[in-house]
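Good morning, and thank you for making time for this presentation. I would ask you to keep the sequence and the structure in view while I speak.

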Amino acid sequence: MKKLLFGIFTCLCALIMVSCGGGNTPTAKAEAYLDALKDGNYAEIVDQLHFKKEMTDEQKAQLVTMLEEKAQKSIEKDGAMESYEIISETTSEDGTEAKVECLSKYSTGKEKTETIKLVNVDGEWKVDSGK
């Protein structure tokens, strides 16, 4: 009986550790970024980005406005993003960079394969802004 309880306890602990650590993977961060994009949550998108130089709150607000304008033009051209599918994840050998390939589907029926580049900053994955 003690062995059975110990086995159940061990499995529960392992399950808790895995579920708590699952949100900080390149794929999980790419999905959060894509969900924000799909929902039009541009402030969340900016929070998901990594910049080489720290940005002020004013600069972030300007970026949110710029993203809203750019997204509107993209929606007029391709339609709104309706869904996405993660195709693959590739992480560099040193674990500092990753690429997540996804297939985005739009309301016009258009589909695009895109690659999201991520960087690991102090143990947290962020979408690479390239800036």
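The average pLDDT of the chain is 85, and 83% of the residues reach at least 70. Among the elements, strand S3, residues 97-106, has the highest mean pLDDT, at 97, whereas helix H1, residues 2-21, has the lowest, at 38. Throughout residues 1-21 the pLDDT is below 50, and this stretch has zero contacts in the model beyond near neighbours in sequence. Where pLDDT is low, the predicted coordinates should not be read in detail.

Next, the overall plan. The chain contains four helices and five strands. Followed along the sequence, they give the pattern α-α-α-β-α-β-β-β-β. Of the 131 residues in the chain, 25% are buried. Of the contacts with a separation of 6 or more, 46% join residues 24 or more positions apart. The accessible surface amounts to about 9,100 Å², with 54% of it belonging to carbon and sulfur atoms.

Strands of a sheet pair through backbone hydrogen bonds, either parallel or antiparallel.

Let us take the antiparallel pairs in turn. S2 and S3 are joined in the antiparallel sense by nine bridges. Within this pair, Ile-86 has Cys-102 in S3 as its bridge partner, and Met-81 stands opposite Tyr-106 in S3. The hairpin of S2 and S3 has five residues between the strands, and Gly-95 in this hairpin takes a positive phi near 75 degrees.

S3 and S4 are likewise antiparallel, over nine bridges, with Val-100 opposite Ile-116 in S4. Their hairpin has four residues between the strands, and Gly-109 in the turn has a positive phi of about 95 degrees.

S4 and S5 pair in the antiparallel sense over four bridges, and here Asn-120 stands opposite Trp-125 in S5. Two residues lie between the strands of this hairpin, and Asp-122 is in the turn. Asp-122 has a positive phi of about 50 degrees although it is not a glycine. Is Asp-122 buried or exposed? Its relative accessibility is 81%, so Asp-122 counts as exposed.

Lys-105 is partly exposed, because its relative accessible area is 28%, between the limits of 20% for buried and 50% for exposed. Beyond its neighbours within four places in sequence, Lys-105 is in contact with several residues, including Ala-80, Met-81, Glu-82 and Glu-111. Ala-80 is 25 residues from Lys-105 in sequence, with 8.5 Å between their C-alpha atoms.

The buried residues of H2 include Ala-30, Tyr-33, Leu-34 and Ala-36. What covers the buried residues of H2? The cover includes H3, S1, S2, S3, S4 and S5. After H2 comes Gly-40, with a positive phi near 75 degrees.

Finally, consider Ile-45 in helix H3, residues 42-48. Why does Ile-45 count as buried? Ile-45 counts as buried because its relative accessibility is 3%, and the cut-off is under 20%. Not counting residues up to four places away in sequence, Ile-45 touches Tyr-33, Ala-36, Leu-37 and Leu-67. The C-alpha atoms of Ile-45 and Leu-67 are 9.0 Å apart, although 22 residues separate them along the chain.

Conventions. Residues are numbered from 1 along each chain as its sequence is written. This is a predicted model: local features need pLDDT of at least 70, side-chain atom pairs count only at pLDDT 80 or more; totals for chains, interfaces and linings use all residues. Side-chain values use heavy atoms; hydrogens and water are left out. pLDDT is the predictor's confidence in each residue, from 0 to 100. Contact means heavy atoms within 4.5 Å. Buried means under 20% relative accessible area, exposed over 50%, partly exposed in between (1.4 Å probe, protein chains only). Two strands pair if DSSP finds at least two bridges between them. Accessible areas come from the Shrake-Rupley method with a 1.4 Å probe; for residues, only the protein chains shown count as cover.
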